[in-house]
Amino acid sequence: MEHVIEMKDLKKSFGDKNVLNGISLSIPKGTIFGLLGPNGSGKTTTLRILSCLIEPTSGEVTILGHQISKHKEEIRKKIGCVTESPGVYDKLSVLDNLEFFAACYQIPKAKRASRIEFLLRQFDLWERRNDPAGRLSKGMKQKLSIICAILHDPEVLFLDEVTANLDPVSIRKLKDLIREWAASGKTIIMSSHILTEIDELCHEFAIIKGEVIRLTTPQKFREEWSTYNVILDVGADLQKSEQIIKEAKEVEAYKRVENQFHLRIADPETANPQLVKKLVAADVTVKYITPLSVSLEDSYLSLLDQEKEAI
Ligand SMILES: Nc1ncnc2c1ncn2[C@@H]1O[C@H](COP(=O)(O)OP(=O)(O)OP(=O)(O)O)[C@@H](O)[C@H]1O
């Protein structure tokens, strides 16, 4: 598998404060990769190192085959980054900001105007093209910094809390765009505190707290933290059902939640029908049996609780 980004034992200290204690991650081409972690866990620091904005204290990063310690200029041409604070010039107009970035990225003059117009229209900023960037709303400024980051059509994108300040319609559009970029082979690393965003978008994600404490996919992570995976509703036949559930070899664990049972069943597709047969044979009315899904947020909070207890 082609890894577009390789981080090896990345460490970063600010003075005597160790912020990154050895992050190693490999990210394949076309992946949307999430960075998750509590405040101050080092997400922005990691993204700033990857974006060549700050130097690591030690460790190495390779992006698209170039070592960051040796080939920053090569890397900068091929990456785009959206950081928490939009890096646009308030006194310049929207168009002049983009002209400036286009010149920095050495986008050929013949292509600049059409590329800029295309992106401004895509992000609903065309009508505001002559306004100074300082007069844009926070969300509009965020869109402008996204355009600045993708103007040169980079192969790798770093997005730090990219949906902050955007309205729901713009967030939906941006999510679709992020999926399109990945489908076209771009590699994206995004940090977010919004777990549904990680869940909906990311193929894989790492939870970091100075180091990687979990590397997983949204689905695997939910499965890992879901103690119960099936809901059974038997109406009024609670006692009789409980006896059957207790004795059923298909059920690994269960708990009663009001008028329902939450069950842990290893192989629901084959085990559920057998359990239902047993219940029906005992004259229990099975109202419904359905998968119990756990949100990524529940799983994440459970993990952080467990980490706290371990300290
Ligand atoms: N330039 C700096 N000088 C000193 N300390 C810094 C600097 N930049 C970051 N830090 C510290 O490094 C730690 C990690 O910060 P970072 O911004 O990477 O966290 P984060 O995971 O992005 O947090 P958040 O979710 O709050 O955005 C924090 O304790 C922060 O105060």
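Strand S11 (residues 230-233) and strand S13 (residues 260-265) are antiparallel partners joined by four bridges. Here strands are DSSP runs of E with at least two residues, helices are runs of H or I with at least four, and both are numbered from the N terminus; two strands count as paired if DSSP finds at least two bridges between them. Within this pair, Leu232 has Phe261 of S13 as its bridge partner.

Before going further, a word on what you are looking at. This is a predicted model, in which local features need pLDDT of at least 70 and side-chain atom pairs count only at pLDDT 80 or more, while totals for chains, interfaces and linings use all residues. Residues are numbered from 1 along each chain as its sequence is written. The chain has an average pLDDT of 91, and 98% of the residues score at least 70; pLDDT is the predictor's confidence in each residue, on a scale from 0 to 100. The scores for the model are ipTM 0.97 and pTM 0.83.

Back to S11 and S13: they belong to an open, antiparallel sheet of four strands, ordered S12-S13-S11-S14. Its edges are strand S12 (251-257) and strand S14 (288-291), each of which pairs on one side only. On average, neighbouring strands of this sheet are turned by 25° against each other, with direction ignored. Helix H10 (residues 268-281) lies across S11, S12, S13 and S14, and runs at about 135° to S13. For such angles, axes are lines fitted to C-alpha atoms, for helices over the stretch in contact, and the values run from 0 to 180 degrees between N-to-C directions. Contact between two residues requires their C-beta atoms, placed from the backbone, to lie within 7 Å.

Now step back to the whole chain. The domain assignment gives domain 1 (3-217) and domain 2 (227-291), with bounds that come from an automatic or database domain assignment. Taken over C-alpha atoms, the centres of domain 1 and domain 2 are separated by 47 Å.

Strand S1 (residues 3-14) runs antiparallel to S2, with nine bridges between them, and Leu10 stands opposite Ile23 in S2. In the hairpin of S1 and S2 there are two residues between the strands, and Gly15 takes a positive phi near 60°. S1 is also joined to strand S4 (residues 58-63), by five antiparallel bridges; Ile5 finds its bridge partner in Ile63 of S4. S4 and S5 then pair in the antiparallel sense over two bridges, with Gln67 of S5 as the bridge partner of Thr62.

From here, look to the ligand. Its shell consists of Phe14, Lys17, Val19, Gly37, Asn39, Gly40, Ser41, Gly42, Lys43, Thr44 and Thr45, where a residue is near if its C-beta atom, placed from the backbone, lies within 6 Å. Strand S2 (17-28) and helix H1 (43-50) are the elements that give two or more residues to this shell. H1 provides the largest share, three residues. By type, the shell has two nonpolar, seven polar and two charged residues; Ala, Val, Leu, Ile, Met, Phe, Trp, Tyr, Cys and Pro count as nonpolar, Asp, Glu, Lys and Arg as charged, and the others, Gly among them, as polar.
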